[in-house]
Amino acid sequence: MTRRRPDPSAVMTVAERARLGQVNRVAREFFRHELRSAEDGWAARSLRQQGAEMLLDPAGRWAVGYAPGARSRLVGYLRSCGFALESMTNAGLTGRNAEGRAVDRFRDLPMFPAKNERLETVGFIGISQAGNYEFSPETQLHRRATSLVGVAEQQELLIGGGAPVLVADPMDAIAITHVSLLSAGRWVGIPMFGADLSPVQMRILGRYAATDHAIVVLPDTTIGRRQAERSLRGLGAFFPRVQAVELPRGTSPNKLRLGANGLQRLHDALLETRPLSDYRRAKPRADMLERYAEVEDTPLLDP
C-alpha cells in the first residue's frame with residue numbers, strides 16, 4: 001500500500017521539521033554538486049549565455065544547482081545518506097513512476113532553492129529548457145506563498161540599503177543585481193517566477209530590507225501589469241515608497257543588459273522610477289523603445 005504524504009496543513013513536531021529541513025539542505029548541496037560536475041551541460045551553458053556566470057561560482061552565495069536527468073539519482077543519493085523514503089516524499093522531492101517506484105520529482109532542470117522567513121531551504125523551483133517553471137509541491141514545510149528566492153543570497157545588499165526590485169524571471173533578477181554591484185548596491189533583484197507577491201513574501205522583504213523603498217518592473221503585457229499593480233497596496237504596508245519601472249516594449253532587464261551598452265541602459269532605466277500608482281490603467285509609453293535605442297556613453301555613477 002502506498003503511503004500518503006502528510007496533510008500540508010498539519011502541524012509538525014520539532015523533530016519532523018528538523019528532518020525535512022535536513023533532507024532539503026542535503027538535496028540542495030546535491031543539486032549544487034551536479035551543476036558543477038556538468039559544466040558542459042545545457043544548464044550551465046544556458047546560464048552562461050544569459051550572463052549569469054555568477055550562479056556557477058562555487059564560492060558564490062547563490063546555491064543554484066542542477067537536477068540530473070537520471071530517473072532516481074537523487075533518491076539513491078539521499079538513501080546513501082541515511083534518509084528514509086518517507087522523508088524524501090514528505091519533503092516533496094520524489095514521485096512515483098508507472099510501476100509505483102520512487103523516482104526523482106525534478107529531472108534535467110536548473111534548480112533554485114526557495115527559502116522561508118527564517119531563510120531555511122524549504123523547497124525548489126526548476127526551470128525547463130522551454131522556460132517553464134516547476135515548483136515543489138506544498139508540504140508541511142513548503143508553501144509557494146511563504147517562500148522566496150534571492151533574499152538569503154543577497155542579504156548583504158538588502159542590509160546595505162539596496163531596494164528590492166521585483167521581476168518575474170530569475171535572469172532578470174541577476175541582471176539587476178549585476179548592475180547594482182557596479183552602482184553602490186542600490187538595487188536587489190528579487191524573482192517572483194511569474195507569481196503574485198503574497199502578504200508573507202512582502203513581510204519577508206520588509207523584514208530583511210533596510211530601506212523604505214521597493215520597485216516593481218512592469219511587464220508590457222496586460223496580465224503582467226495587472227499582476228504588478230496588485231502589489232501596490234500590500235507592499236505599501238512595509239515600504240512607504242513603492243515605485244515602478246517601465247522598460248521598452250518587448251524587452252526585459254536581462255535582454256536590456258545583454259544588448260549594446262546594456263549595463264548603462266539598464267542602470268539609467270532603473271533610475272527613472274515613478275510611483276506605481278501612476279501606472280494604474282496607464283498604457284505603456286510609446287516613446288520608451290525609441291528612447292532607449294539611443295546608446296549613451298556616460299559611466300555607471302550615482303547621480
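Reply: H6 and H11 are roughly perpendicular to each other, a term for angles of 65 to 115 degrees. Helices are DSSP runs of H or I of at least four residues, strands are runs of E of at least two, and both are numbered from the N terminus. The model is predicted, so local features need pLDDT of at least 70 and side-chain atom pairs pLDDT 80 or more, whereas totals for chains, interfaces and linings use all residues. Residues are numbered from 1 along each chain as its sequence is written, and side-chain values use heavy atoms, without hydrogens or water.

The axis of H6 comes within 10 Å of the axis of H11, which spans residues 262-271, and the two cross at roughly 90 degrees. Axes are lines fitted to C-alpha atoms over the stretch in contact, with angles from 0 to 180 degrees between N-to-C directions. On the H6 side, Ala175, Ile176, His178 and Val179 take part, and they meet Leu263, Leu266, His267 and Leu270 of H11; contact means heavy atoms within 4.5 Å. Six of these residues are nonpolar, two are polar and none is charged (nonpolar: Ala, Val, Leu, Ile, Met, Phe, Trp, Tyr, Cys, Pro; charged: Asp, Glu, Lys, Arg; polar: the others, Gly among them).

H6, residues 170-181, also supplies at least two residues to the lining of the largest pocket, as do strand E7 (163-167), strand E9 (213-218) and helix H10 (253-258). A pocket is an open set of points on a 1 Å grid where a 1.4 Å probe fits, with protein on both sides within 12 Å along at least five of seven lines; lining residues have an atom within 4 Å of a point. H10 gives the largest share of the lining, three residues. The lining has 19 residues, and Asp172, Pro219, Thr251, Ser252 and Pro253 lie nearest the centre of the pocket. By class, ten lining residues are nonpolar, five polar and four charged.

The loop between H6 and strand E8 (187-191) holds Ala184, which is not a glycine but has a positive phi of about 65 degrees. Leu119, in the loop between strands E4 (109-115) and E5 (121-127), also has a positive phi, near 65 degrees.

How values were computed
Angles under 35 degrees count as roughly parallel, over 145 as roughly antiparallel, 65 to 115 as roughly perpendicular and the rest as oblique.
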